[in-house]
Amino acid sequence: MPWVTRGLREGIVTTRYPRRSDGYGASFEGHVVCASGATGDEVEAAAAACPTGAIALEAAGARLDRGSCILCGRCCDIAPRSFHFEPGFETAALRRRALVVPAGEGDDKTITEAREQLRERVKGLRRSVHLRHVDAGSDGSEEWEIAALTGPIYDIHRLGVFFSASPRHADVLLVTGAGTAGMQASLRLTYEAMPSPKVVIAVGTDAVSGGLVGGTYASGQGVAGTVPVDVFVPGSPPSPFGILHGILLAVGLVGEAPGGAVSGPSRDQAEEREGMAS
Ligand code: SF4
(Lines give C-alpha, C1' and ligand atoms only; values in the text may rest on other atoms or scores of the structure.)
Protein backbone atom coordinates (compact mmCIF):
# COMPACT_ATOMS: atom_id res chain seq x y z
CA MET A 1 0.00 0.00 0.00
CA PRO A 2 2.55 2.60 -1.09
CA TRP A 3 -0.15 5.24 -1.59
CA VAL A 4 -0.93 5.18 2.14
CA THR A 5 2.66 5.90 3.17
CA ARG A 6 2.98 8.46 0.42
CA GLY A 7 -0.19 10.18 1.59
CA LEU A 8 1.04 10.24 5.20
CA ARG A 9 4.42 11.56 4.10
CA GLU A 10 3.08 14.37 1.93
CA GLY A 11 0.13 15.38 4.09
CA ILE A 12 -2.59 17.66 2.68
CA VAL A 13 -1.59 18.97 -0.74
CA THR A 14 -4.80 20.84 -1.53
CA THR A 15 -4.34 24.57 -1.98
CA ARG A 16 -6.12 26.90 0.47
CA TYR A 17 -6.69 29.48 -2.25
CA PRO A 18 -8.74 31.72 -2.13
CA ARG A 19 -8.87 31.51 1.66
CA ARG A 20 -5.08 32.02 1.70
CA SER A 21 -2.66 33.02 -1.01
CA ASP A 22 -0.78 30.12 -2.59
CA GLY A 23 3.00 30.33 -2.94
CA TYR A 24 3.15 28.08 -5.99
CA GLY A 25 0.37 29.93 -7.78
CA ALA A 26 1.81 33.33 -6.96
CA SER A 27 5.22 32.34 -8.40
CA PHE A 28 3.73 31.34 -11.78
CA GLU A 29 4.83 33.83 -14.47
CA GLY A 30 1.37 34.31 -15.85
CA HIS A 31 1.39 37.60 -17.70
CA VAL A 32 3.53 40.10 -19.57
CA VAL A 33 3.91 43.64 -18.27
CA CYS A 34 4.39 46.62 -20.56
CA ALA A 35 6.28 49.59 -19.11
CA SER A 36 4.32 52.84 -19.07
CA GLY A 37 5.33 55.11 -21.96
CA ALA A 38 7.43 52.39 -23.64
CA THR A 39 8.66 53.60 -27.00
CA GLY A 40 11.65 53.47 -29.35
CA ASP A 41 13.12 51.18 -31.98
CA GLU A 42 13.21 48.18 -29.64
CA VAL A 43 9.52 48.49 -28.92
CA GLU A 44 8.72 48.83 -32.62
CA ALA A 45 10.74 45.69 -33.30
CA ALA A 46 8.87 43.86 -30.53
CA ALA A 47 5.52 44.97 -31.96
CA ALA A 48 6.56 43.76 -35.42
CA ALA A 49 7.66 40.40 -34.00
CA CYS A 50 4.50 39.80 -31.95
CA PRO A 51 2.69 36.93 -33.71
CA THR A 52 -0.79 38.05 -32.67
CA GLY A 53 -0.47 41.83 -33.00
CA ALA A 54 -0.96 42.24 -29.25
CA ILE A 55 1.29 45.31 -29.05
CA ALA A 56 -0.07 48.61 -30.33
CA LEU A 57 2.11 51.68 -30.76
CA GLU A 58 0.31 54.81 -29.60
CA ALA A 59 1.39 58.42 -29.05
CA ALA A 60 1.60 57.89 -25.28
CA GLY A 61 3.67 54.72 -25.67
CA ALA A 62 3.07 51.06 -26.37
CA ARG A 63 -0.05 49.27 -25.16
CA LEU A 64 -0.20 45.53 -24.70
CA ASP A 65 -3.40 43.57 -25.07
CA ARG A 66 -3.15 40.61 -22.69
CA GLY A 67 -6.30 39.22 -24.26
CA SER A 68 -4.34 38.66 -27.49
CA CYS A 69 -1.03 37.65 -25.89
CA ILE A 70 -0.07 33.98 -26.22
CA LEU A 71 2.86 34.38 -23.77
CA CYS A 72 5.47 33.47 -26.39
CA GLY A 73 8.03 35.79 -24.78
CA ARG A 74 9.35 37.33 -28.03
CA CYS A 75 8.74 40.92 -26.89
CA CYS A 76 10.56 40.24 -23.59
CA ASP A 77 13.61 39.00 -25.50
CA ILE A 78 13.63 41.84 -28.03
CA ALA A 79 12.79 44.75 -25.68
CA PRO A 80 13.58 43.63 -22.12
CA ARG A 81 13.43 47.18 -20.74
CA SER A 82 9.84 47.60 -21.92
CA PHE A 83 8.34 44.11 -21.56
CA HIS A 84 8.82 41.42 -18.97
CA PHE A 85 7.03 38.47 -17.48
CA GLU A 86 5.60 38.99 -14.04
CA PRO A 87 4.46 36.39 -11.51
CA GLY A 88 0.79 36.12 -10.64
CA PHE A 89 -2.23 34.30 -11.93
CA GLU A 90 -5.12 36.63 -11.06
CA THR A 91 -5.37 37.99 -14.58
CA ALA A 92 -9.07 37.47 -15.32
CA ALA A 93 -11.11 40.60 -16.05
CA LEU A 94 -14.75 41.61 -16.22
CA ARG A 95 -14.25 43.80 -19.27
CA ARG A 96 -12.32 42.97 -22.44
CA ARG A 97 -10.85 46.48 -22.31
CA ALA A 98 -9.38 45.81 -18.86
CA LEU A 99 -6.90 43.37 -20.40
CA VAL A 100 -5.16 46.22 -22.22
CA VAL A 101 -2.21 47.63 -20.24
CA PRO A 102 -1.30 50.27 -19.21
CA ALA A 103 -4.95 51.06 -18.48
CA GLY A 104 -6.60 54.02 -20.17
CA GLU A 105 -8.62 56.81 -18.61
CA GLY A 106 -12.10 55.85 -17.45
CA ASP A 107 -11.36 52.10 -17.44
CA ASP A 108 -11.67 51.85 -13.62
CA LYS A 109 -15.22 53.26 -13.74
CA THR A 110 -16.45 50.76 -16.32
CA ILE A 111 -14.92 47.87 -14.35
CA THR A 112 -16.66 49.00 -11.16
CA GLU A 113 -19.98 49.14 -13.03
CA ALA A 114 -19.39 45.68 -14.53
CA ARG A 115 -18.59 44.25 -11.09
CA GLU A 116 -21.78 45.67 -9.57
CA GLN A 117 -23.97 44.40 -12.42
CA LEU A 118 -22.49 40.92 -12.24
CA ARG A 119 -22.71 40.81 -8.43
CA GLU A 120 -26.41 41.66 -8.61
CA ARG A 121 -26.98 38.94 -11.24
CA VAL A 122 -25.17 36.13 -9.41
CA LYS A 123 -26.23 36.85 -5.84
CA GLY A 124 -28.48 33.76 -5.95
CA LEU A 125 -25.49 31.46 -6.63
CA ARG A 126 -24.29 31.37 -3.05
CA ARG A 127 -24.46 27.69 -2.12
CA SER A 128 -23.03 25.92 -5.15
CA VAL A 129 -22.12 26.60 -8.75
CA HIS A 130 -22.41 24.20 -11.67
CA LEU A 131 -20.20 24.59 -14.71
CA ARG A 132 -20.80 23.47 -18.27
CA HIS A 133 -17.68 23.39 -20.44
CA VAL A 134 -17.83 23.77 -24.23
CA ASP A 135 -14.78 23.36 -26.46
CA ALA A 136 -15.36 25.79 -29.31
CA GLY A 137 -12.25 24.95 -31.30
CA SER A 138 -9.55 24.68 -28.64
CA ASP A 139 -6.09 23.20 -29.23
CA GLY A 140 -6.65 21.05 -26.14
CA SER A 141 -4.29 22.91 -23.81
CA GLU A 142 -7.05 24.65 -21.83
CA GLU A 143 -8.81 21.31 -21.37
CA TRP A 144 -5.78 19.91 -19.55
CA GLU A 145 -5.80 22.86 -17.16
CA ILE A 146 -9.56 22.64 -16.59
CA ALA A 147 -9.28 18.89 -15.89
CA ALA A 148 -6.66 19.64 -13.22
CA LEU A 149 -9.24 21.66 -11.25
CA THR A 150 -10.94 18.51 -10.02
CA GLY A 151 -7.67 16.90 -8.85
CA PRO A 152 -6.35 16.92 -5.29
CA ILE A 153 -4.25 20.09 -5.67
CA TYR A 154 -7.07 22.45 -6.69
CA ASP A 155 -10.13 20.39 -5.66
CA ILE A 156 -12.78 22.90 -6.72
CA HIS A 157 -15.46 20.73 -5.12
CA ARG A 158 -14.31 22.08 -1.72
CA LEU A 159 -15.67 25.45 -2.91
CA GLY A 160 -19.02 24.04 -3.96
CA VAL A 161 -18.10 24.19 -7.66
CA PHE A 162 -19.06 21.19 -9.82
CA PHE A 163 -19.07 20.26 -13.49
CA SER A 164 -22.43 19.50 -15.04
CA ALA A 165 -23.15 17.11 -17.91
CA SER A 166 -26.13 19.19 -19.02
CA PRO A 167 -26.49 22.90 -19.77
CA ARG A 168 -29.94 22.74 -18.16
CA HIS A 169 -28.29 22.25 -14.76
CA ALA A 170 -25.47 24.75 -15.30
CA ASP A 171 -24.99 28.26 -13.93
CA VAL A 172 -21.66 29.03 -15.57
CA LEU A 173 -20.59 28.35 -19.16
CA LEU A 174 -16.83 27.81 -19.55
CA VAL A 175 -15.85 28.28 -23.18
CA THR A 176 -12.46 27.40 -24.66
CA GLY A 177 -11.23 27.80 -28.24
CA ALA A 178 -11.43 30.57 -30.79
CA GLY A 179 -15.11 30.05 -31.56
CA THR A 180 -14.79 28.12 -34.81
CA ALA A 181 -17.55 28.46 -37.38
CA GLY A 182 -18.59 24.83 -36.90
CA MET A 183 -19.12 25.30 -33.16
CA GLN A 184 -20.91 28.65 -33.10
CA ALA A 185 -24.44 27.26 -33.44
CA SER A 186 -23.80 24.57 -30.80
CA LEU A 187 -22.33 27.14 -28.43
CA ARG A 188 -25.32 29.41 -28.86
CA LEU A 189 -27.75 26.51 -28.27
CA THR A 190 -25.87 25.52 -25.12
CA TYR A 191 -26.08 29.08 -23.81
CA GLU A 192 -29.79 29.31 -24.58
CA ALA A 193 -30.46 25.99 -22.83
CA MET A 194 -29.01 27.24 -19.54
CA PRO A 195 -31.39 28.65 -16.91
CA SER A 196 -30.99 32.24 -15.70
CA PRO A 197 -29.02 33.69 -14.05
CA LYS A 198 -26.12 32.47 -16.15
CA VAL A 199 -22.55 33.59 -16.52
CA VAL A 200 -20.14 33.04 -19.42
CA ILE A 201 -16.37 32.73 -18.93
CA ALA A 202 -14.02 32.83 -21.94
CA VAL A 203 -11.06 30.65 -20.92
CA GLY A 204 -7.75 31.26 -22.69
CA THR A 205 -6.45 33.75 -25.22
CA ASP A 206 -8.12 31.90 -28.10
CA ALA A 207 -11.55 32.27 -26.50
CA VAL A 208 -10.87 35.90 -25.56
CA SER A 209 -9.56 37.17 -28.90
CA GLY A 210 -9.05 34.28 -31.30
CA GLY A 211 -5.32 34.09 -30.53
CA LEU A 212 -3.19 32.91 -33.43
CA VAL A 213 -6.14 31.66 -35.47
CA GLY A 214 -8.64 34.44 -34.84
CA GLY A 215 -10.33 36.22 -37.70
CA THR A 216 -9.74 33.53 -40.30
CA TYR A 217 -12.31 31.92 -42.60
CA ALA A 218 -12.89 29.24 -39.94
CA SER A 219 -13.21 31.25 -36.74
CA GLY A 220 -14.25 34.52 -35.20
CA GLN A 221 -12.12 36.68 -32.94
CA GLY A 222 -12.98 34.86 -29.77
CA VAL A 223 -16.35 33.70 -28.51
CA ALA A 224 -17.82 37.07 -27.49
CA GLY A 225 -19.37 37.38 -30.92
CA THR A 226 -21.41 34.23 -30.29
CA VAL A 227 -22.31 34.41 -26.58
CA PRO A 228 -22.18 37.36 -24.14
CA VAL A 229 -18.96 36.97 -22.15
CA ASP A 230 -18.90 38.15 -18.52
CA VAL A 231 -15.35 37.14 -17.51
CA PHE A 232 -12.25 37.03 -19.68
CA VAL A 233 -9.39 34.73 -18.61
CA PRO A 234 -6.28 35.37 -20.75
CA GLY A 235 -3.38 32.96 -21.14
CA SER A 236 -2.32 30.35 -23.60
CA PRO A 237 -3.29 28.35 -21.68
CA PRO A 238 -4.12 30.00 -18.36
CA SER A 239 -2.98 28.01 -15.33
CA PRO A 240 -5.59 26.14 -13.26
CA PHE A 241 -5.17 28.89 -10.66
CA GLY A 242 -5.96 31.46 -13.35
CA ILE A 243 -9.11 29.59 -14.38
CA LEU A 244 -10.13 29.18 -10.73
CA HIS A 245 -9.67 32.91 -10.24
CA GLY A 246 -11.95 33.52 -13.24
CA ILE A 247 -14.65 31.24 -11.82
CA LEU A 248 -14.48 32.88 -8.38
CA LEU A 249 -14.50 36.31 -9.99
CA ALA A 250 -17.64 35.33 -11.90
CA VAL A 251 -19.49 34.49 -8.70
CA GLY A 252 -18.16 37.50 -6.80
CA LEU A 253 -15.73 35.79 -4.43
CA VAL A 254 -12.47 37.54 -5.41
CA GLY A 255 -11.29 40.82 -6.86
CA GLU A 256 -10.16 41.17 -10.45
CA ALA A 257 -6.90 43.15 -10.29
CA PRO A 258 -3.78 41.14 -11.16
CA GLY A 259 -2.33 40.16 -7.82
CA GLY A 260 -5.50 41.51 -6.22
CA ALA A 261 -6.08 39.84 -2.91
CA VAL A 262 -9.25 38.30 -1.62
CA SER A 263 -10.65 40.99 0.60
CA GLY A 264 -13.52 42.17 2.77
CA PRO A 265 -16.82 40.36 2.39
CA SER A 266 -15.49 38.26 -0.47
CA ARG A 267 -13.02 36.56 1.84
CA ASP A 268 -15.75 35.81 4.35
CA GLN A 269 -17.92 34.35 1.60
CA ALA A 270 -15.05 32.16 0.36
CA GLU A 271 -14.54 30.76 3.85
CA GLU A 272 -18.26 30.22 4.30
CA ARG A 273 -18.49 28.40 0.96
CA GLU A 274 -15.51 26.18 1.76
CA GLY A 275 -17.02 25.38 5.14
CA MET A 276 -20.36 24.43 3.59
CA ALA A 277 -18.80 22.18 0.99
CA SER A 278 -16.49 20.32 3.38
S1 SF4 B 1 4.62 37.55 -25.25
FE2 SF4 B 1 2.61 38.24 -25.95
S3 SF4 B 1 2.83 40.42 -26.45
FE4 SF4 B 1 4.91 39.51 -26.35
S5 SF4 B 1 5.37 38.92 -28.46
FE6 SF4 B 1 4.46 37.09 -27.47
S7 SF4 B 1 2.27 37.24 -27.93
FE8 SF4 B 1 3.15 39.27 -28.37
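**Entry 1**

I started in strand 5, where leucine 64 has valine 101 as its bridge partner. Strands here are DSSP runs of E with at least two residues, helices are runs of H or I with at least four, and both are numbered from the N terminus. Before going on, I noted that this is a predicted model, where local features need pLDDT of at least 70, side-chain atom pairs count only at pLDDT 80 or more, and totals for chains, interfaces and linings use all residues. Residue numbers run from 1 along each chain as its sequence is written.

Two strands count as paired if DSSP finds at least two bridges between them.

Then I turned to strand 2. Alanine 56 stands opposite arginine 63 in strand 3. Strands 2 and 3 make a hairpin, with 2 residues between them.

Put together, I get an open sheet of 3 strands in the order 2-3-5, paired antiparallel. Its edge strands are strand 2 (55-58) and strand 5 (100-101), each of which pairs on one side only. Helix 3 (residues 41-49) packs on this sheet and touches strand 2 and strand 3, and its direction makes about 140 degrees with that of strand 2. Contact means C-beta atoms, placed from the backbone, within 7 Å. For the angles, axes are lines fitted to C-alpha atoms (for helices over the stretch in contact), and values run from 0 to 180 degrees between N-to-C directions.

Which residues are closest to the ligand? I found Cys50, Cys69, Cys72, Arg74 and Cys75, out of 14 residues that surround the ligand. A residue counts as near if its C-beta atom, placed from the backbone, lies within 6 Å. The shell splits into 11 nonpolar, 2 polar and 1 charged. Nonpolar covers Ala, Val, Leu, Ile, Met, Phe, Trp, Tyr, Cys and Pro; charged covers Asp, Glu, Lys and Arg; the others, Gly among them, are polar.

I then checked aspartate 77, in helix 4 (residues 74-78). Is aspartate 77 buried or exposed? Aspartate 77 is exposed, because 11 other C-beta atoms lie within 10 Å. The cut-offs are 20 or more such atoms within 10 Å for buried, 12 or fewer for exposed, and partly exposed in between, with C-beta atoms placed from the backbone. Aspartate 77 and alanine 46 are 31 residues apart in sequence, yet 8.4 Å apart from C-alpha to C-alpha.

My next stop was an open sheet of 5 strands, order 7-6-8-9-10, with parallel pairing. Strand 7 (161-163) and strand 10 (231-233) are the edges, each pairing on one side only. From one strand to the next, the twist averages 25 degrees. Helix 6 (residues 141-148) packs on the sheet, touching strand 6 (129-135), strand 8 and strand 9, and its direction makes about 140 degrees with that of strand 8.

I zoomed in on strand 8 (residues 172-176) and strand 9 (residues 199-203), which run parallel and are joined by 5 bridges. Leucine 173 sits opposite valine 200 in strand 9.

**Entry 1: helix 7**

In helix 7 (residues 181-193) I found Met183, Leu187, Thr190 and Tyr191 buried. Why do they line one face of the helix? Seen down the axis, the buried residues of helix 7 fall within an arc of 95 degrees, so they share one face. That arc is taken from the directions from the helix axis to the C-beta atoms. These buried residues pack against strand 6, strand 8 and strand 9. On the face turned away, I listed the exposed Ala185, Arg188, Leu189 and Glu192.

**Entry 2: alanine 224 and the whole chain**

Alanine 224 is in the loop between helix 8 (205-209) and strand 10. It counts as buried because it has 20 C-beta neighbours inside 10 Å. Leaving aside neighbours within four places in sequence, alanine 224 is in contact with Arg96, Ala202 and Val229.

Last, I checked the totals. The chain has 10 helices and 10 strands, and 45% of its 278 residues are buried.

Terms used:
Contact = placed C-beta atoms within 7 Å.
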